[in-house]
Amino acid sequence: MKNLMRAFLSVLFVCLILIVVINRLNTVAGFSGGNTLTVFNWGDYIDEELIDLFEEETGITIVYETFDSNEAMMTKIQQGGTTYDVAVPSEYMVEKMVEEDLLIELDHSKLPNMQYMDERFMDLPFDQGNTYSVPYFWGTVGIIFNPTLLPEGEVISGWNDLWDPALENQILLIDGAREIIGMGLNSLGYSLNDTDPQHLQQALAKLKELTPNVKAIVGDENKMLMANNEAAIAVGWSGDAADIMWENEAIDYVVPEEGSNLWFDNFVIPKTARNVDAAHVFINFLMDPEVAAQNTEYVSYSTPNKEALKYMPEDMVHDERFYPEPELTERLEVYENLGQRNLAHYNELFLQFKMH
Ligand code: SPD
């Protein structure tokens with residue numbers, strides 16, 4: 001009897017060790033499942049206190065990884081090395097991921113906090129019925145500028161102002177093919193979803209003329225550079241402008257008069273997810289109005305959560321640069337999924353511009 005007990009305890013001990021080791025290996029290798037959730041988000045795009053709060057409340061451990069472009073995110077998910085449970089693509093990339101059968105349908109019964117989202121940001125053409133995605137943050141592409149560093153009399157209201165020779169070496173550009181080729185197209189009066197090869201060549205030629213004014217092509221560092229007065233202008237996302245303004249009150253932001261991009265970043269669950277239940281719990285948690293308000297105050301981007309606005313400072317919610325009226329957003333364009341060939345062409349042209 002004693003021997004049997006000893007054998008039983010030994011087996012139990014080995015099993016426990018195995019469970020601990022396998023869990024650890026899975027976490028290190030990015031395999032979730034069990035009590036781990038692997039989240040793939042843009043850099044600087046969550047209040048990390050909320051990750052701690054989620055872990056405390058649910059007992060689920062989060063493995064958190066970041067990316068800096070939709071294209072980088074998509075490539076990593078397609079490669080399949082890491083099994084992400086939640087990712088945050090922008091609208092055209094949601095459409096592309098659905099097309100490539102990379103996403104699972106969301107279970108709306110597990111996302112009761114969807115009720116708090118503003119209808120204006122739901123059921124959009126890239127994912128009708130929010131079958132695969134729910135919005136996380138939204139915004140515009142525009143010109144972030146510091147009037148105190150501009151040459152006297154310089155007014156910034158549109159894309160074409162950026163070509164002024166007086167702005168030599170003063171402009172930071174966001175490192176995004178859609179954003180920068182889109183700026184070239186918009187500055188010529190074309191749509192930022194244009195795929196006409198001649199129009200695209202004209203946009204590239206025009207962008208090359210901007211080179212003397214370009215100080216650098218950057219990612220999230222644009223915020224630090226603008227906050228420290230190291231450049232007068234940055235072409236970037238509205239939320240970055242709002243964030244920089246906390247550090248440097250001189251900064252202003254304008255949506256260019258020629259037109260620009262209205263974008264939406266969204267939660268999705270990739271087909272490779274190992275912890276689909278926890279993914280729903282996490283997405284629902286971040287849609288809780290008080291959680292969303294805290295996250296929005298921290299991240300500074302615009303929230304699509306209508307109820308969250310009630311918990312946020314009035315001056316933030318009423319700032320029309322970041323919460324523009326529908327009259328403005330309606331004249332902006334949302335990126336379309338242009339298909340593999342056209343997207344590759346945009347990337348190629350952007351590379352040519354960067355190497356110029
Ligand atoms: N630092 C977080 C940046 C997230 C911006 N996403 C914008 C995507 C626009 N296509």
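In strand S2, Glu65 is the bridge partner of Phe40. The model in which this pair is found is a predicted one. A second pair places Val39 opposite Tyr64, again in S2. Both belong to a region where strand S1, residues 36-42, runs alongside strand S2, residues 61-67, with parallel pairing over 7 bridges. The chain passes from S1 to S2 by way of helix H2, residues 48-58, and this β-α-β crossover is right-handed.

S1 and S2 are part of an open sheet of 3 strands, ordered S2-S1-S3 and paired in the parallel sense. S2 and strand S3 (86-87) form the edges, each pairing on one side only. Two helices that pack on this sheet can be followed next. H2 touches S1 and S2, and its direction makes about 155 degrees with that of S2. Helix H9, residues 276-286, touches S1, S2 and S3 as it packs on the sheet, and its direction makes about 50 degrees with that of S1.

Elsewhere in the chain, a helix pair can be examined. The axes of helix H6 (residues 197-210) and helix H13 (residues 340-355) come within 10 Å and cross at roughly 25 degrees. Because angles under 35 degrees count as roughly parallel, H6 is roughly parallel to H13. The crossing of H6 past H13 is right-handed. On the H6 side, the contact is made by Leu200, Gln201, Leu204, Leu207 and Lys208, which meet His345, Tyr346, Leu349, Gln352 and Phe353 of H13. Sorted by class, the residues in this contact of H6 with H13 are 6 nonpolar, 3 polar and 1 charged.

Technical notes. Residues numbered from 1 in each chain as written. Predicted model: local features only at pLDDT ≥ 70, side-chain atom pairs only at ≥ 80, totals over all residues. Heavy atoms only, no water. Axes fitted to C-alpha atoms, helices over the stretch in contact; angles between N-to-C directions. Helix = DSSP H or I, 4+ residues; strand = E, 2+ residues; numbered from the N terminus. Parallel < 35°, antiparallel > 145°, perpendicular 65-115°, else oblique. Left-handed = near helix turned anticlockwise from the far one by under 90°. Contact = heavy atoms within 4.5 Å. Nonpolar A, V, L, I, M, F, W, Y, C, P; charged D, E, K, R; others polar. Pairing = 2+ DSSP bridges. Right-handed = clockwise from strand over helix to strand, strands pointing away.
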